[in-house]
Amino acid sequence: MEIKIEVRGVAEAIDGVRSQYHEFLERVANTITQEAPKFTPKRTGRAARGWENNSQQGEITVENKVPYVGYLEKPYVKSKQAPRGIIGPTLTSVKGKIK
């Protein structure tokens, strides 16, 4: 005796999950881009305005190309405006906002 189980629509289901996953990542990137400026020191505001996200070929990146922004994140730089850095507080804030 033989038993055969056929599952149909697997490709469509995978495409649906992939689409939902990409939408979720876009929401995360958008939220990070909105939250990061709140935790970025604002002596001139240039670093806070430098946050942007890009989506290309299935990759989503959040970046800040302001040349000195990395120094604001470094633990050995004791910024009075951002003593805990930028990324850690940003991600903590984002965790509570993403659903």
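What share of the 99 residues of the protein chain counts as buried? The model is predicted, and in it 28% of the residues count as buried. A residue is called buried when its relative accessible area is under 20%.

**Overall form**

A compact globule of 99 residues would have a radius of gyration near 13 Å, whereas the protein chain has 20 Å. Along the principal axes, the C-alpha atoms fill a box of roughly 75 × 25 × 20 Å. Some values for the whole chain are listed here.

| Property of the protein chain | Value |
|---|---|
| Radius of gyration | 20 Å |
| Accessible surface | about 7,900 Å² |
| Distance between the centres of the positive and negative side chains | 17 Å |

Carbon and sulfur atoms account for 54% of the accessible surface. The side chains include 17 positive and 11 negative ones.

**Secondary structure**

The protein chain has four helices and two strands. Read from the N terminus, the order of the elements is α-α-β-β-α-α.

Strand β1 covers residues 51–56 and strand β2 covers residues 59–64. The two strands pair in the antiparallel sense, over six bridges. One of the residues involved is Trp 51, whose bridge partner in β2 is Asn 64. Together β1 and β2 form a hairpin, with two residues between them. In the turn, Gln 57 has a positive phi of about 45°.

**Contacts along the sequence**

Taking contacts between residues at least 6 apart in sequence, 53% join residues at least 24 apart.

Note on methods:
Residues are numbered from 1 along each chain as its sequence is written. This is a predicted model: local features need pLDDT of at least 70, side-chain atom pairs count only at pLDDT 80 or more; totals for chains, interfaces and linings use all residues. Side-chain values use heavy atoms; hydrogens and water are left out. Two strands pair if DSSP finds at least two bridges between them. The radius of gyration is taken over C-alpha atoms; the globule rule is 2.2 Å times the number of residues to the power 0.38. Buried means under 20% relative accessible area, exposed over 50%, partly exposed in between (1.4 Å probe, protein chains only). Contact means heavy atoms within 4.5 Å. Accessible areas come from the Shrake-Rupley method with a 1.4 Å probe; for residues, only the protein chains shown count as cover. Lys and Arg count as positive and Asp and Glu as negative; His and the chain ends are not counted. The place of a charge is taken as NZ of Lys, CZ of Arg, CG of Asp or CD of Glu.
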